[in-house]
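Here's a quick walk through one protein chain, from its overall layout down to a few residues.

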Amino acid sequence: MLDRAEKAASDVVFFDASQLFEAGEDVYCERIVGVVARQELRMERLLSRDRITAREAQLRMSAQFDEGFFLSMCDDILYNNGTREELYTEVRALYERSVSQ
């Protein structure tokens with residue numbers, strides 16, 4: 001992750017890093033953006049995407065950090081409770097705010 005950031009042609013680099021905290025890589029970040037969604041929606045998406053049982057999905061979700069963790073550990077939070085385009089709009093707005101600082 002670090003070598004990719006060093007090679008970037010921009011001062012702002014975004015990574016999709018679902019295991020950022022577990023891997024201890026958060027210490028290398030100046031700013032962390034968390035993406036969270038309602039638990040019911042996460043369950044629905046997980047069942048649809050991975051075609052697993054509700055029990056398997058629940059076990060997987062219970063092993064993950066909860067929303068409170070991300071609210072306390074992240075500098076910014078994006079809520080992914082709508083469409084993909086709505087999330088992209090939020091990401092673009094955050095990017096614009098980030099590069100203007």
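Helices here are DSSP runs of H or I with at least four residues, numbered from the N terminus. One thing to keep in mind: this is a predicted model.

R51 is not a glycine, yet its phi is positive. R51 sits in the loop between α2 (39-50) and α3 (54-62), and it counts as exposed because its relative accessibility is 74%, over the 50% cut-off.

Now α2 itself. How far apart should its ends be? With 12 residues at 1.5 Å a residue, α2 should span 16 Å, and its end C-alpha atoms are 16 Å apart, so the two agree. Inside this helix, L41, M43 and L46 are buried, and the buried residues of α2 pack against α3.

R38 counts as partly exposed because its relative accessibility is 42%. Which residue does R38 pair up with in the C-alpha trace? That's N81: the two C-alpha atoms are separated by 6.5 Å, although the residues are 43 apart along the chain.

Next, the surface. F14 belongs to the loop between α1 (2-7) and β1, and its 41% relative accessibility is why it counts as partly exposed. Together with Y95 and V99, F14 forms a nonpolar patch on the surface, with about 250 Å² of accessible area in total.

| Residue | Relative accessibility | Class |
|---|---|---|
| R51 | 74% | exposed |
| R38 | 42% | partly exposed |
| F14 | 41% | partly exposed |

Finally, let's zoom out. The protein chain has 5 helices and 2 strands, and from the N terminus on they run α-β-α-α-α-β-α. Its C-alpha trace spans about 45 × 30 × 25 Å along the principal axes. How much of the chain is buried? Of its 101 residues, 22% count as buried. The chain exposes about 7700 Å², and carbon and sulfur atoms supply 49% of that area. As for contacts between residues at least 6 apart in sequence, 54% join residues at least 24 apart.

Methods
Residues are numbered from 1 along each chain as its sequence is written. This is a predicted model: local features need pLDDT of at least 70, side-chain atom pairs count only at pLDDT 80 or more; totals for chains, interfaces and linings use all residues. Side-chain values use heavy atoms; hydrogens and water are left out. Buried means under 20% relative accessible area, exposed over 50%, partly exposed in between (1.4 Å probe, protein chains only). Patches are made of residues with over 30% relative accessible area and no salt bridge: like charges are joined within 9 Å, nonpolar side chains (Val, Leu, Ile, Met, Phe, Trp, Tyr) within 5 Å. Accessible areas come from the Shrake-Rupley method with a 1.4 Å probe; for residues, only the protein chains shown count as cover. A salt bridge is a side-chain nitrogen of Lys or Arg within 4 Å of a carboxyl oxygen of Asp or Glu. The expected span of a helix is 1.5 Å times one less than its number of residues. Contact means heavy atoms within 4.5 Å.
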